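Hi,

Here is the structure I promised to pass on.

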Amino acid sequence: MGRAHGGREHRGRRAHGDRAHRDRAHRDPVQRGEAVRAVLIDIDGVLTVSWEPLPGAVAAMERLRATGLPFALVTNTTSRTRAAIADRLAGAGFSVTADDILTAPAVTAAYLRAHHPRARCLLLNAGDIRGDLDGVQLVDDHPEQHAAAAEPEAGVVVIGGAGDAFDYAALNRVFRQLQCGASLVAMHRNLYWRTAGGLDLDTGAFLLGLEKAARVEAAITGKPAEAFFRAALSHVGAAPAEALMVGDDIESDVLAAQRAGITGVLVRTGKYLPETHRAASGDPDHVVDSFADLPDLLERLGTSTA
Ligand SMILES: [Mg+2]
């Protein structure tokens with residue numbers, strides 16, 4: 001179907017008559033006269049790029065805070081703890097705290113506590129996220145002592161974000177543990193991400209090889225997993241139909257949130273590309289130029305802090 005891209009904001013719901021879309025129509029806050037009670041916001045590409053604030057984003061965040069609406073910043077970032085992210089955002093001018101932020105590692109820790117309590121976990125991740133892994137028992141970090149041993153040392157292999165830590169010894173150690181029967185949990189399966197130097201290879205590329213070689217399938221805990229959005233909703237105390245998700249990734253942020261029953265808002269900043277928008281597997285509920293337009297959108301939709 002065609003899309004109208006002329007306005008600053010358009011509604012792009014699909015006209016399909018399938019049940020999912022009928023259900024979405026019934027949940028629509030506008031059509032049902034319900035008000036938005038909480039907002040979920042992606043960070044990179046929405047509030048900042050390379051930790052620099054996008055134009056108007058700081059002011060829009062202040063306006064959002066002034067409404068009293070609960071909000072959460074939801075990110076697949078695996079290289080920093082929530083506290084470290086809050087510090088970077090504060091440096092960019094956003095008055096947020098670690099409590100406002102939900103990361104893939106934090107949600108992964110909750111998943112591990114619920115689904116693999118007391119399991120020894122072998123973590124492969126670039127960056128120190130131990131501060132967000134409360135209650136998770138990690139296998140010690142000495143891959144050189146274990147790479148050659150084909151014996152079980154972990155009940156769960158946990159794959160975070162790719163980087164220099166993903167060397168042959170570390171990947172082979174993970175592969176050996178999967179052969180020994182360890183469960184595989186991954187924070188996301190993104191194939192690449194954008195850096196100042198271009199696109200860098202990410203977790204998903206390694207994960208595909210591990211899954212194929214070990215004949216296992218990873219449980220994904222970060223976006224676009226529905227469980228991630230459920231955790232975010234629980235964080236802000238809202239039902240799916242009461243919440244808005246704002247993101248620059250049409251598939252992982254916006255359409256995945258919509259599948260979870262949340263109203264999706266796509267921003268045309270960060271990784272947004274018109275061709276990716278056109279080729280997407282569905283239509284965002286709302287499209288705005290940037291996060292700076294969110295307060296006006298919220299006014300049009302109606303909000304409730306009761
Ligand atoms: Mg993003």
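Five strands form an open sheet in the order β8-β7-β9-β10-β13, with parallel pairing (strands are DSSP runs of E of at least two residues, helices runs of H or I of at least four, numbered from the N terminus; two strands pair if DSSP finds at least two bridges between them). The edges are β8 and β13 (219–220), each pairing on one side only. Helix α5 (residues 104–115) packs on this sheet and touches β7, β9 and β10 (183–186); its direction makes about 155° with that of β10 (axes are lines fitted to C-alpha atoms, for helices over the stretch in contact, and angles run from 0 to 180 degrees between N-to-C directions). Contact here means C-beta atoms, placed from the backbone, within 7 Å.

Keep in mind that this is a predicted model: local features need pLDDT of at least 70, side-chain atom pairs count only at pLDDT 80 or more, and totals for chains, interfaces and linings use all residues. Numbering starts from 1 along each chain as its sequence is written.

Now for β7 (residues 120–124): four of its five residues are buried (20 or more other C-beta atoms within 10 Å of the residue's own; exposed is 12 or fewer, partly exposed in between, with C-beta atoms placed from the backbone). β7 pairs with β9 over four bridges, and with β8 (residues 137–138) over two. Leu122 has Val157 in β9 as its bridge partner, Leu124 has Ile159, and Arg120 stands opposite Gln137 in β8.

Lastly, Gly163 sits in the loop between β9 (156–159) and α7 (168–179). Gly163 is partly exposed because 17 other C-beta atoms lie within 10 Å.

Cheers

Definitions and conventions:
Two residues are in contact if their C-beta atoms, placed from the backbone, lie within 7 Å.
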